[in-house]
Amino acid sequence: MTPRPLQSRQTGSLSGTVRVPGDKSISHRALMFGALAIGETVIHGLLTGEDVLNTAAAMRALGATITRDDHGVWRVRGVGVGGLVEASQVLDMGNSGTAARLMMGLVATHPITTFFTGDASLTKRPMARVTTPLEQMGASFVSRSGGRLPLVIIGTENPVPITYRLPVASAQVKSAILLAGLNTPGVTTVIEAEPTRDHSELMLAHFGATVKTERIEGGALAVSVTGEPEITGKTVNVPADPSSAAFLTVAALIRPGSDVTLTDVGMNPRRTGLYDTLIEMGADITFLNRREQAGEPVADLRVRSSELTGVTVPPERAPSMIDEYPILSVAAACANGTTRMLGLAELRVKESDRLAMVADGLAACGVAVEAGPDSLTVHGAGVPPGGATVATAMDHRIAMSFLVLGMASSQPVAVDDSEFIETSFPGFVELMNELGARISAPEA
Ligand SMILES: O=C(O)C1=C[C@@H](OP(=O)(O)O)[C@@H](O)[C@H](O)C1
Ligand SMILES: C=C(OP(=O)(O)O)C(=O)O
């Protein structure tokens, strides 16, 4: 595919009221759980990013009927727990770790064989973290690349429930095991030392499954699902994605005179670490009209430009803002003083090695930065110099973060490819420009 470079120039104040697209994590789950439910699931506000469209295609290949009407409402007719059928084609999960890993959990405890692949980014990402527990439940895997995609899963006819302690903080691994547990007799339990996003637990309960979370010795959480439930189709209203809202939030904070309202943003406390951090840095963010939608808290966010000061972000906050470190690093570059971010090992195995990509990109833009094995230190000096073309390595969040950096930099910042923004935030450039940004194709 031909790369699509973009350039972002320094902008004046941003203003307006907008709704960013639906939450990606919740959108994947709504399609998957709808596909396992009996009856019809109606989804409002589903993200139509490429990652989620890949999930829809995969669930259709596994037997569900999924349609979208002219008003953007999605309907899923499910097959019932245990009812997935063998796909006749390879399931290509594109750029999406969530789709690949959760789907592997789903098929592992059905007596079907499934072939998975992904793009050049996804095929580099570790999958042993899911294949190891799923093997304990009875599935087998064939892969020529040390457990990475492409791989084949031979699902088991006689799944066994397990109790599994997560070796890394990962909602994807937790969810893969819980989804495998759905078609397994008895109780399947995942123990997590650090709380990760709980959208699977909340949505499974909404669909009628029995899911329990208990605090156990040492403060860890034990999350259990009771197997072989009958789950029934439900209505799901997908909130706006806090991880997408993050880009607009930081852009408004760093452009003087800005006043932006973001409506309907998901405020699940396991996702809001970035907002807590920005407030510690001095951000003026007001949370209006707090309410609940399908078990998920939401609010409207009013963001006004602010003088930011560097802070230390503790490692235990990482799971609640794991996808937001690239954009936090941009806020840190425009702040005064040093920001230290700790506990970032997982950033190295996302769509790209985000720790390295952020450090290299900021350095290219004249920002003082130091990367450790699992930490990042950014020395903010107000206005970044900019004036570079930043490599994005098939990573949507790197591309969007550096386009935001360009909005505040003395010289324009370009990104070498913007194509992957479509995976999570279709319409990003148009929405930013509507608020006052100056993002366009680079001048020849
Ligand atoms: O469960 C999910 O929907 C996600 C979990 C996180 O990944 P890990 O579980 O690998 O930390 C996150 O980075 C990803 O964007 C979405
Ligand atoms: C890490 C991300 O997604 P995934 O793991 O689903 O590819 C992300 O969206 O930042």
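A polar contact is a pair of N or O atoms within 3.5 Å. This cut-off applies to the first of the close-up views below, which show a predicted model.

**View 1. Polar contacts of ligand 1 with Ser 25, Ser 170 and Gln 172**. An N or O atom in the side chain of Ser 25 lies 2.7 Å from an oxygen atom of ligand 1. Ser 170 also places a polar side-chain atom 2.7 Å from an oxygen atom of the ligand. For Gln 172, a backbone N or O atom is 2.8 Å from an oxygen atom of ligand 1.

**View 2. The surroundings of ligand 1**. The residues around ligand 1 include Arg 29, Thr 98, Arg 101, Arg 197, Asp 323 and Lys 350. Ala 169, Ala 171 and Ile 322 are also among them.

**View 3. The packing of helix H1 against helix H3**. Helix H1 comprises residues 24-36 and helix H3 residues 97-108. Their axes are 11 Å apart and form an angle of about 20 degrees. Angles under 35 degrees count as roughly parallel, and H1 and H3 are therefore roughly parallel to each other. The crossing of the two helices is right-handed. His 28, Arg 29, Met 32 and Leu 36 of H1 meet Thr 98, Ala 99, Leu 102, Met 103 and Leu 106 of H3. Six of these contact residues are nonpolar, two are polar and one is charged.

**View 4. The cis peptide bond from Leu 149 to Pro 150**. Omega of this bond is near 0 degrees. Pro 150 belongs to the loop between strand S8 (140-143) and strand S9 (151-154).

**View 5. The positive phi of Ala 393**. Ala 393, a residue other than glycine, has phi near 50 degrees. The loop that holds Ala 393 runs between strand S22 (389-390) and helix H11 (396-408).

Note on methods. Residues are numbered from 1 along each chain as its sequence is written. Chains are lettered from A and ligands numbered from 1 in the order in which they are written. This is a predicted model: local features need pLDDT of at least 70, side-chain atom pairs count only at pLDDT 80 or more; totals for chains, interfaces and linings use all residues. Side-chain values use heavy atoms; hydrogens and water are left out. Axes are lines fitted to C-alpha atoms, for helices over the stretch in contact, and angles run from 0 to 180 degrees between N-to-C directions. Helices (H or I, at least four residues) and strands (E, at least two) are DSSP runs, numbered from the N terminus. Angles under 35 degrees count as roughly parallel, over 145 as roughly antiparallel, 65 to 115 as roughly perpendicular and the rest as oblique. A crossing is left-handed if the near helix is turned anticlockwise from the far one by less than a right angle, and right-handed if clockwise. Contact means heavy atoms within 4.5 Å. Ala, Val, Leu, Ile, Met, Phe, Trp, Tyr, Cys and Pro count as nonpolar, Asp, Glu, Lys and Arg as charged, and the others, Gly among them, as polar. A residue is near a molecule or strand if one of its heavy atoms lies within 4 Å of it. A polar contact is a pair of N or O atoms within 3.5 Å; within protein, one must be able to donate a hydrogen and the other to accept it, and residues adjacent in sequence count only if both atoms are side-chain atoms.
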